[in-house]
Amino acid sequence: MSGPPQQARRRRPVLRWILLALVLLPIIEIAVLIMVGRAVGLWWTLALIIVVAVAGTWLARRESSRTYRELQQALNSGRMPADQVTDAILLTVGGLLLLLPGFVSDVIALVLILPFTRPLARRLLQAVVASRALATVGGSPAASAGRSRRAPGAGTVIDGEIVDEQPPPWQQERPPQIDR
């Protein structure tokens, strides 16, 4: 039985990771800022933070425009825009991380934004979402482990014949027209 209590239990680990990240990220950022500040000095550290933020913002805007154009092309051609939608999510998260002061969040943001590292992040995000979707659809992972996985549409095929007593509307006889 996969009711709301099991769903809540599955969400708790994700929420714990998010809470842990929210607590640890500022601590790690401050430690890295102090180390960089001691190594290169206060003014160089501030200059680096500003340069990385400006360059990252420019790059995020450029990549967002490119991703939007690719999304429009995919929709116009009738293709499923899964990669473009995933890229838009990654660019949004990367742009938000660029708003945070610090080097660790900037490095993570650049991994999500740079065109040559984003495909790796895209595959990782798509794999995580797919595994979560399969776990949600199939119940708990432990319950679905015993079931065999079948490809979509690979169900039982039953041959049959459709028999209808009434002819289709275009073959029905029309009542005679009465002239008035």
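A contact here means heavy atoms within 4.5 Å. Keep that in mind for the stop where helices cover one another. The model on your screen is predicted.

**Stop 1: the whole protein.** Show the cartoon. You will find six helices and zero strands. Trace the elements from the N terminus and they run α-α-α-α-α-α.

The protein exposes about 14400 Å². Carbon and sulfur atoms supply 66% of that area. Of the 180 residues, 20% are buried.

**Stop 2: helix α3.** Select residues 82–99. This is α3, with 18 residues. At 1.5 Å a residue, α3 should span 26 Å.

**Stop 3: the buried side of α3.** Which residues of α3 are buried? Select Gln84, Thr86, Asp87, Leu90, Leu91, Gly94, Leu97 and Leu98. They cover an arc of only 155° around the axis, which means they sit on the same side of α3. To count as buried, a residue has under 20% relative accessible area.

**Stop 4: the cover.** What lies over those buried residues?

Stop 5: Take contacts between residues at least 6 apart in sequence. In this protein, 59% of them join residues at least 24 apart.

Terms used
Residues are numbered from 1 along each chain as its sequence is written. This is a predicted model: local features need pLDDT of at least 70, side-chain atom pairs count only at pLDDT 80 or more; totals for chains, interfaces and linings use all residues. Side-chain values use heavy atoms; hydrogens and water are left out. Helices (H or I, at least four residues) and strands (E, at least two) are DSSP runs, numbered from the N terminus. The expected span of a helix is 1.5 Å times one less than its number of residues. Buried means under 20% relative accessible area, exposed over 50%, partly exposed in between (1.4 Å probe, protein chains only). The arc is that of the directions from the helix axis to the C-beta atoms. Accessible areas come from the Shrake-Rupley method with a 1.4 Å probe; for residues, only the protein chains shown count as cover.
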